[in-house]
Amino acid sequence: MPRTFASILDECITALGHGELLEDCVARYPQHADELRTHLLLAQRIAMTPRQQPRPGVQAAAWQEFRAHAEDLREGRVPRFNLNLNLNASWLRPVAIAAALVLAFVLMGGGTLYASEDALPDSPLYRVKLAREEVQVWFTFDETSKAEVLLDQSNERTDEVMEMLRDGKEIPPNVLTAMRDRNARAVRILEDKPSEATLLARAHDQSAVQEDLLLSVWGDIQESAQDEYAEAVATLHNAQLRATYREGSVTPQDVAAGVINISGTAEQTEDGSWLLGGVPVVLDLRSLGDTSIEPGQRVKVIAARGADGTLLALSVNAADTEPELRYTVSGALEEIGDGEVVIGGQRIAITDETLLRLRLQLGGHVEIQVDAEDGHAVASSVDGADGGLAQGEPPPLAFEGTLEEQPQTGGVNNVWVVGGQEFVVTPSTAIDALAGDLTQGARARVEAVEQTGDLLARRVVVLDTRLVEEDIDVEGVFEKGNGETWTISGLEVAPPAGAEEPDPGSLVSLRARKGADRLVAQEIRTTLEPGPDGFVIVRGRIGEIETGEGTWQIGAVSVRTDQQTVLSRPAQVGVRAFVWGSRGEDGELRALYVNVIDSKPQPSPTAQD
């Protein structure tokens, strides 16, 4: 059984006392190197501090005061408080003075203290809140109870991160440091107490939940907090590795450039390394989840991006066995009820586990990731919509073309060229390579939004290798035109000669080719105006088609199709579709334009070639 951190620390402290060099001791335990070095430096500093003995009279008075205070607490009496600190006393170390002052503040009460209870990490009172928590830990003498207090405090950090996201705020470094610190201290205590298996299991489960949260919010982290983010993810991940008695550990350098989501077919190279959808990814003992994968298996990976560009799989999962039950809905919030919202007539449950990245407001435009559970739609996350769906919001652009260069995944922001158009791919960009490898020459669909002159890719989907079209397909919202150029979702396009200019806000789908300085439209497939409530976008896999009724089922959403519905290619059960729709007068969601992404159904996600 692997040794606990505490026993390793004890061994190294003893070795230092016998003259061993600190770095030699750290080198023996690389999985604990950073944490061990910090504690050993502190131990050396304490060892070099001259010992100070309190005067007997002062010590006796202090103990008498302490016993009186404890007796008051046991009897339920209001504590007698006498702030009588001799700040010149040589036996009081600076840390003890600071702690005593905080204790005095707690016992005396005060508006500042109470005001800090609900302080968020961006508040000046947040330091007071953390200081009050430290006092609570300090005066919890039972080690098991102390670990439980630390876990509660760490869980409070989770709530604070969620609250910051709901307010649309970036996550600062202080809350990440506090989350990591509380969890690490609790785990260290409990790993030395085999009898506290239940509480240790809670600590590891909490680490897993917090890591999942942090892996989903990289794009919401302040730039100044990226180092703390890397430290927190590494610490939380390593706590789970120790829980499963795995060798090795993740370092902050492994997470220095954030994380990336990749879906694809796993293939093993001759040297034993792995390619996921054509992307090199390290899978080893540090990876958690469905790690016993086989070549040809379709998996989803959340990978840490290291300072050197290496991708390390932190989480590995087989692709959904029922992918049609996962889908995305974008549109205006028509109703906000108790634990649910309505978009396009579709009721979607909001639970405590739903990751909200904004405050829900009636009429606000959102994008919701949805799971269909027992026929009910349950939101896993709610984000602000890109959508041309409301005035002033950046409209979405869907662009299909050929990857003209080998895509790079190592940098924080990479520029990919698709059909001659540059797209900025960030760590927040989701990459779906389930239908084919992400490689030069592959046909890809990029869902992007224009920001400050750049087209930021939100998703990149490698299309079926059977789709060999050389043309470029574009769909987006018409913004403006001047006779020679149309702007569609931030992209400038030369329209066909004599083409009638669409109304602003209309959905435009067209086929184009590369021109000298901009795209040149060859064919306008359709221009469609939104309904009274704007467009509703549904993205997912078609689970059912009722031919007679003209109804498709995507997850828990029923979409009506008719003769006016424009299809990019024939649809069938099992293919992925991107649906632009609007609510009709009868309240039904009606498909206006459907981009059928696959030429035929994808194989079962867990099937092997």
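Axes here are lines fitted to C-alpha atoms, for helices over the stretch in contact, and angles run from 0 to 180 degrees between N-to-C directions. The model shown is predicted, so that local features need pLDDT of at least 70 and side-chain atom pairs count only at pLDDT 80 or more, while totals for chains, interfaces and linings use all residues. Residues are numbered from 1 along each chain as its sequence is written, and side-chain values use heavy atoms, with hydrogens and water left out.

**View 1. Helix α8 packed against helix α9.** Helix α8 (residues 143-166) and α9 pack at an angle of about 155°, and their axes lie 8 Å apart; helices are DSSP runs of H or I with at least four residues, strands are runs of E with at least two, and both are numbered from the N terminus. That angle makes α8 roughly antiparallel to α9, where angles over 145 degrees count as roughly antiparallel, under 35 as roughly parallel, 65 to 115 as roughly perpendicular and the rest as oblique. The contact, meaning heavy atoms within 4.5 Å, includes Leu-150, Leu-151 and Arg-157 of α8 and Met-179, Asn-183 and Ile-189 of α9. By class, the contact of α8 with α9 has ten nonpolar, four polar and six charged residues, with Ala, Val, Leu, Ile, Met, Phe, Trp, Tyr, Cys and Pro counted as nonpolar, Asp, Glu, Lys and Arg as charged, and the others, Gly among them, as polar.

**View 2. Helix α9 beside helix α11.** The axes of α9 (residues 173-191) and α11 (residues 226-243) come within 9 Å and cross at roughly 20°, and the two helices are therefore roughly parallel to each other. Among the residues that meet are Leu-176, Met-179 and Val-187 in α9, together with Tyr-229, Ala-232 and Leu-236 in α11. The residues of this contact of α9 with α11 divide into nine nonpolar, three polar and five charged.

**View 3. Helix α7 along its length.** Helix α7 (residues 126-138) has 13 residues and reaches 18 Å from its first C-alpha to its last, close to the 18 Å expected at 1.5 Å a residue, the expected span being 1.5 Å times one less than the number of residues. Tyr-126, Lys-129, Leu-130, Glu-133, Val-135 and Val-137 of α7 are buried, that is, under 20% relative accessible area, whereas exposed means over 50% and partly exposed in between (1.4 Å probe, protein chains only).

**View 4. Two loop residues with positive phi.** Most residues other than glycine have a negative phi. Thr-452, in the loop between β17 (443-451) and β18 (454-462), has a positive phi of about 45° although it is not a glycine, and Thr-452 is exposed, with a relative accessible area of 79%. Ser-489, in the loop between β20 (486-488) and β21 (491-494), has a positive phi of about 50° and is likewise not a glycine, but Ser-489 counts as buried at 1% relative accessibility.

**View 5. The surroundings of Ala-577.** Ala-577 lies in strand β28 (residues 576-583) and counts as buried at 0% relative accessibility. Although Ala-577 and Gly-540 are 37 residues apart in sequence, they are 5.7 Å apart in space, C-alpha to C-alpha. Not counting residues up to four places away in sequence, Ala-577 touches Val-538, Arg-539, Gly-540, Ile-542, Val-594 and Asn-595.
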